[in-house]
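User: I'd like a quick walk through this fold. Can we go piece by piece?

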Amino acid sequence: MGFVAELNKVDFGYGDRLILQDISLRIPKGKVVSVMGGSGSGKTTLLRLMCGQYAVNRGDIQVLGRDLNRASTADLYAFRKHIGVLFQFGALFTDLSVFDNVAFPLREHSNLSESAIRDLVLLKLHAVGLRGAANLFPSEISGGMSRRVALARAIALDPELIFYDEPFAGLDPISLGITANLIRTLNDALGATSVVVTHDIHESFAISDYVIVIASGKVLAEGTPEEVSANPDPYVQQFIQGLPEGPVRFHYPSVDLREDFA
């Protein structure tokens with residue numbers, strides 16, 4: 001089994017504030033991999049590092065065989081033709097139709113004719129069940145449909161690696177289930193690798209081959225969903241079970257209540 005991304009002893013932060021500390025992990029090729037953890041744990045930052053949006057402070061990062069630490073602007077531009085990104089809440093162009101949103105990366109990154117682009121866009125929209133919505137605008141479709149249009153756009157160039165930033169956020173149960181199934185189905189159909197940054201335990205475990213749990217900028221657990229579920233780490237168990245008591249406290253650290261009212 002090969003790996004599409006490898007991080008070795010990576011640190012990243014702003015000034016003296018570290019977001020990720022000594023992160024080492026590998027993303028197995030051809031799998032759906034979920035990166036999980038509480039708010040502020042560094043999940044989205046990790047995704048952006050693997051997309052080449054940020055440069056690491058320390059350590060090595062290779063994605064699709066490219067050393068992102070030493071990549072030029074031209075190298076990064078070429079690299080991004082091989083990845084797809086589903087941004088949180090879709091991030092569609094509101095003044096473009098559904099069709100033109102999906103066509104956008106094809107027009108930007110290929111020399112295909114408009115006839116070929118039309119056929120590809122309709123195929124991608126059909127794959128997410130929205131071929132009939134091609135002429136509508138984002139304001140005319142639901143939030144769940146918008147997320148599916150964004151997914152069609154993310155796979156427009158048949159990427160080797162697809163990143164999903166909180167793909168289930170704000171979706172109703174039906175849309176959530178549809179989106180989760182699409183991530184799994186499209187990954188297998190494209191022969192791609194998917195990295196899913198998410199809080200959603202149930203849906204993620206159902207579609208993932210591999211799970212990475214991070215907290216306070218560090219990897220706490222990784223393995224199959226079954227292996228992570230059995231991990232005895234108190235934070236992992238609190239997160240997976242949604243327990244109110246554990247390493248993550250309800251109360252922000254403060255002085256004794258009696259001192260404030262003395």
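This is a predicted model: local features need pLDDT of at least 70, side-chain atom pairs count only at pLDDT 80 or more; totals for chains, interfaces and linings use all residues.

User: Which strands form the open sheet, and in what order?

Analyst: Six strands, ordered E6-E7-E8-E3-E9-E10, with mixed pairing. Strands (E, at least two residues) and helices (H or I, at least four) are DSSP runs numbered from the N terminus. Two strands pair if DSSP finds at least two bridges between them.

User: Which strands stand at the edges?

Analyst: E6 and E10 (218–223). Each has a single partner strand, so one side of each lacks a neighbour in the sheet. On average, neighbouring strands are turned by 15° against each other, direction ignored. Axes are lines fitted to C-alpha atoms, for helices over the stretch in contact, and angles run from 0 to 180 degrees between N-to-C directions.

User: What packs on the sheet?

Analyst: Helix H6 (residues 173–190) does, touching E3, E7 and E8. Contact means heavy atoms within 4.5 Å. The direction of H6 makes about 160° with that of E8. E8 (residues 193–198) also pairs with E3 (residues 32–36), parallel, over five bridges. Val196 in E8 is the bridge partner of Ser34.

User: Back to E6. Which way do its residues point?

Analyst: Ile83 and Val85 point one way, Gly84 and Leu86 the other. E6 pairs with E7 (residues 161–165) in the parallel sense over four bridges.

User: New topic. How much space lies in the largest pocket?

Analyst: About 530 Å³. A pocket here is an open set of points on a 1 Å grid over the protein atoms alone, where a 1.4 Å probe fits, with protein on both sides within 12 Å along at least five of seven lines; lining residues have an atom within 4 Å of a point.

User: Which residues lie nearest its centre?

Analyst: Arg80, Ile83, Val85, Phe87 and His109, out of 20 lining residues. Helix H3 gives the largest share of the lining, four residues.

User: And Leu243, where is that?

Analyst: In the loop between H9 (234–241) and H10 (257–260). Leu243 is partly exposed, at 38% relative accessible area. Beyond its neighbours within four places in sequence, Leu243 contacts Gln237 and Gln238.

Definitions and conventions. Residues are numbered from 1 along each chain as its sequence is written. Side-chain values use heavy atoms; hydrogens and water are left out. Buried means under 20% relative accessible area, exposed over 50%, partly exposed in between (1.4 Å probe, protein chains only). Grid points are joined across faces, edges and corners, and a volume is the space filled by probe spheres set on the points.
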